[in-house]
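Hello, and welcome to this protein. Please have a look at the sequence and the model, and then read the notes below alongside them.

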Amino acid sequence: MKKRNRIIVNTAHSLGMGKILDRVRFRKEPEKPKRVFIEVTNACNLKCKMCDRKNLTRKIGFMDMGMFKSIVEDEFIKGIPNIRLNDFGEPLLHPDLVEMTTYLKTRGYQKIGFATNGLLLNREKSEGFINGGLDYIIFSVEGTTQQTYEAIRIGGKFEKIRENIKLFHKLREESGGKKPEILMNSLLMTDTKDEVNELEGFWGPYVDNIKVIPCSIYGEIDAASHKDVRAAYPHSCKQLWENMAILWNGEVSTCCIDLNGSLKIGDINNGSISTTWNSALQQKYREIHLTHQFHNLKACKNCDGIWV
Ligand code: SF4
């Protein structure tokens, strides 16, 4: 069904109706984002083949608990339906991640989770997340063989991730609950296409859902192809109306795949979180999208990860 909607929208765009459609789709200024990403760290323990981190110019750092708690206690953030504790980086590198998730749950947040390569999980952390009430965990894993996995997730160990996911699943089952939901995101790329059909049989017994994502979103395709994609999908990106990413140092971006924070809409060190949402900068970026002037935004001009 989703796919059919996408085709309809894009056909209309190809008929030159894109700007009108976008004005209709995004006519409201949302009071709050639907999802907030909190970047507990932008450090990573891997050098994955498809990752754009080689172009990361931001300083590497870790959010301190003081800042984290001030975000969680902020009235603007309370009630947001989905809090994701990652952005650019591996969240399990943060020594306080278990404490952070537990803190969110004690403050009444309904849906919290994070995406991870999973390699730094262990029994103690897994039990901490399960007992602390984590709602979902997303494992980022490709392939069903050591050869494929380790050729992509450079620095990762296939046996280790397999062991960690199996243990997490076992501990969740033993806890008697259905939470956290165990999800897997797996990139469809040249190196993985031959194993995509094996994913369900191999990982299915240990995860609740597997989502296969075309890797073009994460930069496997070249610049020329990026331009083709942008030309074929000339519409506004809903990130600007639905998501907010609070980076580890307190800067706020409107996009969760904004590697270097160039879509900055504010800084919680110099103002409230609520003022960043619908701020003048945010309005400017939205207007640029609504008029399809994507080339005026460094992060967006070659992005093919546009959220429809
Ligand atoms: S077009 Fe790409 S970079 Fe721009 S807001 Fe959307 S996802 Fe982010």
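Here are some numbered points to guide a first look.

1. A word on the ground rules. This is a predicted model, in which local features need pLDDT of at least 70 and side-chain atom pairs count only at pLDDT 80 or more, while totals for chains, interfaces and linings use all residues. Residues are numbered from 1 along each chain as its sequence is written.

2. The overall picture. The protein has 11 helices and 9 strands (DSSP runs numbered from the N terminus, helices being H or I of at least four residues and strands E of at least two). Of its 308 residues, 32% count as buried, a label for residues with 20 or more other C-beta atoms within 10 Å of their own, where 12 or fewer means exposed, values in between mean partly exposed, and C-beta atoms are placed from the backbone. Among contacts between residues at least 6 apart in sequence, 72% join residues at least 24 apart; a contact means that the C-beta atoms, placed from the backbone, lie within 7 Å.

3. The sheet. In what order do the 9 strands of the open sheet run? The order is β6-β5-β4-β3-β2-β1-β7-β8-β9, with mixed pairing; two strands pair if DSSP finds at least two bridges between them. At the edges stand β6 (209-214) and β9 (264-267), each with a single partner strand, so one side of each has no neighbour in the sheet. From one strand to the next, the twist averages 25 degrees.

4. Some strand pairs to find. Strands of a sheet pair through backbone hydrogen bonds, either parallel or antiparallel. β4 (residues 136-140) and β5 (residues 181-188) run parallel and are joined by 5 bridges, and Ile137 has Ile182 in β5 as its bridge partner. β5 also pairs with β6 in the parallel sense, over 6 bridges; here Leu183 has Asn209 in β6 as its bridge partner. By contrast, β7 (residues 243-246) and β8 (residues 251-253) pair in the antiparallel sense over 2 bridges, and Ala245 stands opposite Ser253 in β8.

5. Helix α3 and its buried face. Which residues of α3 are buried? They are Leu97, Met100, Thr101 and Leu104. Seen down the axis of α3, these buried residues fall within an arc of 95 degrees, so they line one face of the helix; the arc is that of the directions from the helix axis to the C-beta atoms. Their cover includes α2 (65-72), β2 (82-84), β3 and α4 (123-132).

6. The loop after α3. Gly108 follows α3 and has a positive phi, near 85 degrees. Tyr109 lies in the loop between α3 (97-106) and β3 (112-116). Why does Tyr109 count as buried? Because Tyr109 has 20 C-beta neighbours inside 10 Å. Leaving aside neighbours within four places in sequence, Tyr109 is in contact with Ile83 and Leu104. Ile83 is 26 residues from Tyr109 along the chain, and their C-alpha atoms are separated by 8.0 Å.

7. A helix pair. α4 and α6 (residues 158-175) pack at an angle of about 45 degrees, with axes 10 Å apart; axes are lines fitted to C-alpha atoms, for helices over the stretch in contact, and angles run from 0 to 180 degrees between N-to-C directions. That makes α4 oblique to α6 (under 35 degrees counts as roughly parallel, over 145 as roughly antiparallel, 65 to 115 as roughly perpendicular and the rest as oblique). Arg123, Ser126, Glu127 and Ile130 in α4 meet Leu167, Phe168, Leu171, Arg172 and Ser175 in α6.

Note on methods. Two residues are in contact if their C-beta atoms, placed from the backbone, lie within 7 Å.
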